[in-house]
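Hello,

Here is the structure I promised to pass on to you. Please have a look at it first, and then read my notes below.

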Amino acid sequence: MRPRRREAWEGYAFAAPWIGGFLMLTAGPMLFSIWLSFHRWNVLQPAHYVGAFNYVYAAHDPRFWTALTNTAAYALVGVPLGQVVALGLAVLLNQQVRGQGFFRTVFYLPSVIAGVATAMVWTLLLHPDAGAVNLVLRGLHLPEKSMPGWFTSPSWWPPGAMPGLILMSVWGTGAAMIIYLAGLQNVPQDLVEAAEIDGATAPQRFRHLTIPMLTPTIFFNVVMGIIGSFQVFTSSYVVSNGTGGPADATLTYVLYLYKHAFEQFHMGYAAALAWIMFAILMSITLLVFKSSGRWVYYEGVQRR
Amino acid sequence: MKVSPRRWVAHLALVAAVLALACGGCGRNPARGRVPIRFSVWGTGQDFKHWGGTVRQFNESQRRVWVELELVQGAGYSNKMLSMLVGHCAPDVMAFLDKPFFQFAQYGVFEDLGPYLEKDQEIRKSDFFPQFLKAFTYHGRQLGLPWDGHTVLVYYNKDLFAREGLPEPKADWRWDDFVRVTKALTKDTDGDGRVDQFGFIAPMWLNELVWVWGAGGRDLNPEMTRCVTDSPGTIRGLRFQRDLVFKYHVCPQAREMAGMNQDSLFNAGRLAMALGGAYWMAFCRELTGVNWDVVMPPRGPAGQWSRMTTDGITMWRESPHKPEAWAFIRYLLSDRGQARIASLGRGIPARRKMAYSPAFLRPDLPQHTIRFLEALPRARPQSINDKTDEMNTVYDREWDRMLLGEDPAATGKAMARQINVILSGRGAL
């Protein structure tokens, strides 16, 4: 066997467990959900073909747009904010200080705690009357009118439910932080030293050396962040007790999908919603990929 | 390695001893020789105690059937039942609230219990409160039977009334009286500018229907073909509720609840009045520091109404053990089963005889339990049909918006607009 061919076979062999799992456990339900999205089905009675009705219905469904807008807003604010916080933490944790391992563990810890537990803790912390956050703000003598209502208010300002959800998401940036940390450790030290010798200050080195070298990591984290933020469910479910309230302020896309599928048994519509989300996510991801040629720098690759 | 025969015997003896110990540890299987059936019900720890006792009592009362209790915690009960029905492995006997019952009944998953009831010598259809029975009737067929029901009354803290020198409310009180006493009972006790004791609480749209009905409004028209929340009566009822929060400031907004809910506020003596069904009685009876009683919701400009809900029991149509399942259902509805429900104070027993028994009325207690029964002629259920779940999502959302400040007229119109689309079938998913 030629080495290239052999290498390909080895690759497939290593990927075989995943491919097998995908074909057996994921591909079937995926194909079924495409079929389902063109049917009306309440699970207990036979499905009826309805053509593209579920997709047309979504276009005219005000709650679909509310859920989509809420999720887009969550992603639009949450993803950049999350990346900045994760990168900032990674830079801090990359410093040679005592107890470095301890701090890395502490900051990563929220990422391994169950989502429900995290959401419940934040619901208490952000309680408008008795929560620790508002108690601190009250201590700063903030006027009562400007006090955040968090999960009891649908407003953006003073901070209401959606800012609360975003704040919760930022707390769980440990996974992105670890990837940034790995990226930072891959920045070639000879380049850093050369820049130092040339007289570059620390901010200059960060802006003109570290950030460009980190762009592949930023690219990866942004794509994963966008996909993750569109799939937000646990936090919105817990803080609103499954309602998406107050006044639909925490009605995220997946929560809306879940409510149709498992509370109202509209399986066909829920499947259509899932495929619409897939199309949206695919488009955004492709856009980000397309834009990556302009801002992602791969070492050793010539830019066109 | 060669193993000697003696060693083989020793090994075998050891295995036999372990097996004997394991089997012996299982003890005697009490279900042996009986037909096993499964019974599912929703609930929490307290419910587990109650239902565990009922099932144990049934299992001890006869030698033919063995009931396994499957208590589902939290709000996922309907989902779990759905999954099991889809998988053709549903429990033989399933408990349901009136609302999800209707939703499931349309799928044809329940056995018609009418013929069973007709043949029964002890339990007669005429024994039941007709309102409760109707809640489990689907297109003329008795697809479920009620075990208990609830009327919604105003629970009040007698000590808080006494502290303000207010007389306890009477059954013929009116909205004006209600506003007057809630104002007197809403207090900033520590002078920090924030209310510590509330006159009333309005946590859920469904119970608050009593105000809508009191103002002459309704949720749907009697034929259930059109939503009428944009009618003047309904808007008046909604406005009254909004005024309790924003005009009279006697009801807390969500942000003022300080992490508490109706239960904890009432328990802490920080809530003077709250609407609750007969189901709330068991909780209130366990409160040690609260001296409470119940009274009919006050009379509005167009009448005085209570809300009614019903809990019932169904049999899975595909159950392989229908006679045994019926044996358990009829036990729950028998004098003995109903007496147990009555004594727990978790609802009005569905059969009149037991509802009017001392076991439910508890003349030994200071509360007027009879008022739950007196409210029955003036109690209505929410309009329930196979789209209720979908409609409740709309009601809850718009109700939320109103309690955040939206005008009641806009709320009523928004409810009607969305629900009429659901009812028209144009949005059938």
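**What I found**

Just after helix α19 of chain B, B:Gly425 takes a positive phi of about 85°. (Helices are DSSP runs of H or I with at least four residues, strands are runs of E with at least two, and both are numbered from the N terminus.)

Before going on, two notes on conventions. Residues are numbered from 1 along each chain as its sequence is written, while chains are lettered from A and ligands numbered from 1 in the order in which they are written. This is a predicted model, in which local features need pLDDT of at least 70 and side-chain atom pairs count only at pLDDT 80 or more, whereas totals for chains, interfaces and linings use all residues.

Back to α19(B): this helix covers residues 408–424, and its 17 residues reach 24 Å from the first C-alpha to the last. That is close to the expected 24 Å (1.5 Å times one less than the number of residues). Its buried residues are B:Pro408, B:Thr411, B:Gly412, B:Met415, B:Ala416, B:Gln418 and B:Ile419. Here, buried means 20 or more other C-beta atoms within 10 Å of a residue's own, exposed means 12 or fewer, and partly exposed lies in between, with C-beta atoms placed from the backbone. The buried residues of α19(B) pack against α10 (232–246) and α18 (388–402) of chain B; contact means that two C-beta atoms, placed from the backbone, lie within 7 Å.

Next, strand β10 of chain B (residues 306–315). 10 of its 10 residues are buried, so the strand is largely enclosed by the rest of the structure. Both faces are covered, with B:Met308 among the buried residues on one side and B:Ile313 among those on the other.

Which strands pair with β10(B)? (Pairing takes at least two DSSP bridges.)

- β3(B), residues 93–97, is antiparallel to β10(B) over 5 bridges, and B:Val93 has B:Met315 as its bridge partner.
- β6(B), residues 145–151, is also antiparallel to β10(B), over 6 bridges; B:Gly149 stands opposite B:Thr310.
- β12(B), residues 379–380, runs parallel to β10(B) with 2 bridges, and B:Ala379 is the bridge partner of B:Ser306.

Finally, the two chains meet: 28 residues of chain A are in contact with 21 residues of chain B. On the chain A side, α12 (253–263) and α13 (267–295) each supply at least two of the touching residues.

Best wishes
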